[in-house]
Amino acid sequence: MTNPLHISFLHNSGTVLQTSDGKNVEVWELRHTNNNTVLTAWAKHFREHYCSDSEIDSMRNGPRLSRKNYLLNIKFPDRQQAPGPSVRSGDFGEILVSDFLEFILNYEVLSRRTRYSNKTNRNESTKGSDVIGFRFADQTYTNPADELAIFEAKAKFTGEAVKSENGTISTRLQDAIDDSGKDRLRIAESLNAMKQRFFDKGMTDEVFKIERFESEADNPYRTAYGAVALVCNSNYSNAIAGDANTGSHPNNTTLRLIIIKGADMMNLVHNLYQRAADEA
């Protein structure tokens, strides 16, 4: 599969920070530019998480809305009315981390195909583990080397930088770590909800892949956990990593910690939603 064009914006900075308990934190940069070709392709990729281009005309016929207004008023989180903006940044962060898992770490991310399109309230975040990826060692779907990845993503694109230890401005890496620690308990629910959505669509291949990871005791596999903070350059500080601690995480020895930062991130988020609607 060819990587989406916007993946070229995502770069490993080479910087590695440490948490207060000595765990490494990778720093990645989203170096986005005003390239219309890339942004149009990115907007389509982004839009189809909420409603596929092949289905949008059927979905908008009932409310008699244009494609643009259907997306802006029914599917996308609201640009201004709270909590719409924070849901926008959260969805954007999760989708970008899904892209990271799929196109950089080479996991299969099935959850992206139902997680956002099935929302009952556009201004609410979807419950359950944020990003779930599968990696299969072979086509038997019983290989103990198969891997389930569960990543938590927390975005903060407004506000000031953290300036001291235990700062109150941005604790998104710690939030991601804390929520990741709960994933071992809720992964069964997340997998089952995902399977139900594919079952309802009659997508049996996807159902079979999800079932492979529903009983680790009977069919062992590897598990990878990750915690990702997504921030704007304006509120980035090394303290985001330095103030974090993984001590309470049940899998802290193998937990992958990542910060993704970029310029004018909230403007990018709003512009991407707007372009996705305008170009539908």
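Me: What makes a residue count as covering another here, and which elements cover the buried residues of α8?
Reply: Contact means heavy atoms within 4.5 Å. In this predicted model, the cover over the buried residues of α8 includes β2, α1, α3, α4, β5 and β6.

Me: Why is α8 called largely enclosed?
Reply: Buried means under 20% relative accessible area. In α8, 10 of the 14 residues are buried, so the helix is largely enclosed by the rest of the structure. The buried residues are Met265, Met266, Leu268, Val269, His270, Leu272, Tyr273, Arg275, Ala276 and Ala277.

Me: What span is expected for α8, and what does the model give?
Reply: The expected span is 1.5 Å times one less than the number of residues. For the 14 residues of α8 that comes to 20 Å, and the helix reaches 20 Å from its first C-alpha to its last, which is close to expectation.

Me: What makes a set of residues a nonpolar core, and which members touch the most others in the largest one?
Reply: The members must be buried, of nonpolar type, and joined through side-chain atoms within 4.5 Å. The largest such core has 46 residues, of which Leu30, Phe92, Leu101, Phe151, Leu230 and Ile260 touch the most other members. At least two residues each come from β2 (24-30), α1 (36-47), α3 (67-75), α4 (84-104), β4 (147-156), β5 (222-232), β6 (256-262) and α8 (265-278). Among these, α8 gives the most, with 8 residues.

Me: Which residues is Phe151 in contact with, leaving aside neighbours within four places in sequence?
Reply: Phe151 is in contact with Val97, Leu101, Leu105, Asp130, Val131, Tyr225, Gly226, Val228, Arg256 and Ile258.

Me: How do you know whether Ser98 and Gly93 are buried or exposed?
Reply: The cut-off for buried is under 20% relative accessible area. Ser98 has 2%, so Ser98 is buried. Gly93 has 0%, so Gly93 is buried. Ser98 is found in helix α4, and Gly93 lies in helix α4.

Me: Which residues lie nearest the centre of the largest pocket, and how much space lies in it?
Reply: About 890 Å³ of space lies in the largest pocket. Its lining has 34 residues, of which His45, Glu48, His49, Arg112 and Arg113 lie nearest the centre. The elements giving two or more residues to this lining are α1, α3 and α4, and α1 gives the most, with 4 residues.

Me: How does the lining of the largest pocket divide by class?
Reply: There are 15 nonpolar, 10 polar and 9 charged residues in that lining. Arg counts as charged, and Arg112 and Arg113 line this pocket.

Me: What makes up the lining of the second largest pocket?
Reply: About 260 Å³ of space lies in this pocket. Its lining has 17 residues, with Glu94, Ser125, Asp130, Ala153 and Lys154 nearest the centre. Two or more lining residues come from each of α4, β4 and α5 (172-200), and the largest share, 5 residues, comes from α4. By class there are 3 nonpolar, 6 polar and 8 charged residues.

Notes:
Residues numbered from 1 in each chain as written. Predicted model: local features only at pLDDT ≥ 70, side-chain atom pairs only at ≥ 80, totals over all residues. Heavy atoms only, no water. Buried < 20%, exposed > 50% of the residue type's maximum accessible area, 1.4 Å probe, protein only. 1 Å grid on protein atoms, 1.4 Å probe; cavity = no way out; pocket = protein on both sides within 12 Å on 5 of 7 lines; lining within 4 Å. Points joined across faces, edges and corners; volume = space filled by probe spheres on them.
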